[in-house]
Amino acid sequence: MTPKSTLRKFLQQESSSGVLLILGAALGLILANAPTADLYNEILAADFTVDQRFFYISLTTAKVINYLLMSLFFFVVGMEIKRELFSGHLSSIKKAAAPFLAALGGMAVPALIYLAIAGKEGSNGWAIPVATDIALAVGVLALLGSRVSFAMKTFLLALAVIDDIGAIAIIAFFYADDLALNWLLVGALTFTYIFLSYLKGFSNRFITGFLALLLWYSFYRAGIHPTLAGVLLGLALPQSEELENRLHPWSSFLVIPIFALANTGVEISTESVKNALGSSIALAIVVALVVGKPLGIFTFTKVFSRLKLSESPEQNGKLDLVATGSAAGIGFTVSIFIAKLAFKEESLQDLAIVAVIFASVLSAFLSFILFKSPLNRRAREI
């Protein structure tokens with residue numbers, strides 16, 4: 001399979017999974033605002049603890065989803081990042097320059113806008129508007145068909161992958177709990193052994209499986225979000241198109257919809273809407289995603305292309321770059337994930353989730369409108 005056909009298949013799967021993601025999010029909202037709300041919350045809060053001399057773990061249903069299942073999602077992300085670095089749109093400085101610089105603008109500008117609006121109270125949530133949801137963003141562009149050039153679709157994909165790298169780094173460095181250095185050392189040694197064993201050509205599925213679990217557990221005990229173990233494994237293991245093709249549907253069509261179902265269940269009431277409208281945190285998230293994302297992507301792309309440091313992607317219309325920036329403003333999955341880490345208070349988490357959902361819907365709508373704008377159509381005809 002050629003790189004281009006592999007990429008087309010990936011884009012098709014991502015856009016299809018976006019539909020299930022939306023259905024999962026909608027179902028979560030319905031369950032949390034219907035007579036089923038108590039049962040929904042009780043199931044997510046159900047917990048279990050194993051406390052033995054050499055083994056300790058304490059999880060709720062929600063944490064099983066956010067810690068364990070999302071590790072599979074981040075493992076696939078790690079493999080996608082490695083593929084892009086070795087044979088895709090990030091495989092050379094020339095290829096990576098444009099999406100890298102655009103992603104940098106798409107992370108820095110929203111973060112600064114958020115901090116300017118949210119103030120000191122909500123400063124810990126500065127990374128919420130940094131991320132782009134690949135499935136939904138690609139889905140929006142897929143709906144537009146030939147109106148969006150293939151180059152622009154791949155530009156968005158590469159940009160979103162770099163966003164993922166940035167978000168992963170942010171989670172690791174800024175949202176870790178108090179570190180247990182002994183377990184961090186165990187995790188570092190485990191990862192080093194996995195990496196070197198595959199580098200030397202030694203591989204055993206059972207040993208790798210055990211070490212993968214040990215790496216996850218080490219990060220869990222160290223106070224680092226254990227999903228990062230998935231990313232590191234995806235980067236460490238040899239590139240395998242077969243494995244990626246096998247796991248990608250499970251990640252896209254099962255894990256992400258379940259995550260959406262479990263994490264978007266916030267109560268929508270007159271009071272919660274009123275609180276959101278009067279909240280600087282909610283306003284900061286909305287403005288950062290809806291305005292900051294396209295502004296940062298457009299500005300950095302144009303400035304650095306004029307400085308001859310990168311090449312602007314091929315466009316069908318003059319508004320395509322802004323429209324693509326708006327699609328990148330669909331934060332959703334990783335934005336909600338970071339919101340859960342940034343705020344300890346459940347009320348602030350719910351507030352942030354409502355703002356992310358609203359901003360993502362608005363960004364998708366604006367992207368669609370900009371691509372279909374008569375002004376953009378006339379630009380294509382000139």
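Q: Which residue in strand 2 is the bridge partner of Asp 51?
A: This is a predicted model, where local features need pLDDT of at least 70, side-chain atom pairs need 80 or more, and totals for chains, interfaces and linings use all residues. Residues are numbered from 1 along each chain as its sequence is written, and side-chain values use heavy atoms, leaving out hydrogens and water. Strand 1 covers residues 47–51 and strand 2 covers residues 56–60. Look across from Asp 51 into strand 2, and the bridge partner is Tyr 56.

Q: How many bridges pair strand 1 with strand 2?
A: Strands are DSSP runs of E with at least two residues, and helices are runs of H or I with at least four, numbered from the N terminus. Two strands pair if DSSP finds at least two bridges between them. A hairpin joins strand 1 to strand 2 through 4 residues. The two strands pair in the antiparallel sense, and the number of bridges is 5.

Q: Are helix 5 and helix 6 roughly parallel or roughly antiparallel?
A: Helix 5 spans residues 134–143 and helix 6 spans residues 150–174. Their axes come within 10 Å and cross at roughly 170 degrees. An angle over 145 degrees counts as roughly antiparallel. Therefore helix 5 and helix 6 are roughly antiparallel.

Q: Which residues of helix 5 make the contact with helix 6?
A: Contact means heavy atoms within 4.5 Å. Helix 6 brings several residues to it, among them Met 152, Leu 156 and Asp 164. From helix 5 come Ile 134, Ala 137, Val 138 and Leu 141.

Q: How many residues apart in the chain are Trp 126 and Phe 174?
A: These two form an aromatic pair (ring centres within 6.5 Å), and the pair is edge-to-face (planes over 60 degrees apart), with 5.2 Å centre to centre and 85 degrees between the planes. Trp 126 sits in the loop between helix 4 and helix 5, while Phe 174 belongs to helix 6. The pair links distant parts of the chain, and the separation is 48 residues.

Q: Which helix holds Tyr 217, the partner of Trp 183?
A: Trp 183 and Tyr 217 pair edge-to-face, with 5.2 Å between centres and 90 degrees between planes. Trp 183 lies in helix 7, so the pair ties together parts 34 residues apart in sequence. Tyr 217 lies in helix 8.

Q: What is the C-alpha distance between Gln 315 and Ser 360?
A: Gln 315 lies in the loop between helix 12 and helix 13. It is partly exposed, with a relative accessible area of 25%. Gln 315 and Ser 360 are 45 residues apart in sequence, and in space their C-alpha atoms are separated by 23 Å.

Q: What is the relative accessibility of Phe 332?
A: Phe 332 is found in helix 14. Its phi is positive, about 40 degrees, although it is not a glycine. Most residues other than glycine have a negative phi. Phe 332 counts as buried because its relative accessibility is 7%.

Note on methods:
Axes fitted to C-alpha atoms, helices over the stretch in contact; angles between N-to-C directions. Parallel < 35°, antiparallel > 145°, perpendicular 65-115°, else oblique. Phe/Tyr/Trp six-rings, centres within 6.5 Å; stacked < 30°, edge-to-face > 60°. Buried < 20%, exposed > 50% of the residue type's maximum accessible area, 1.4 Å probe, protein only.
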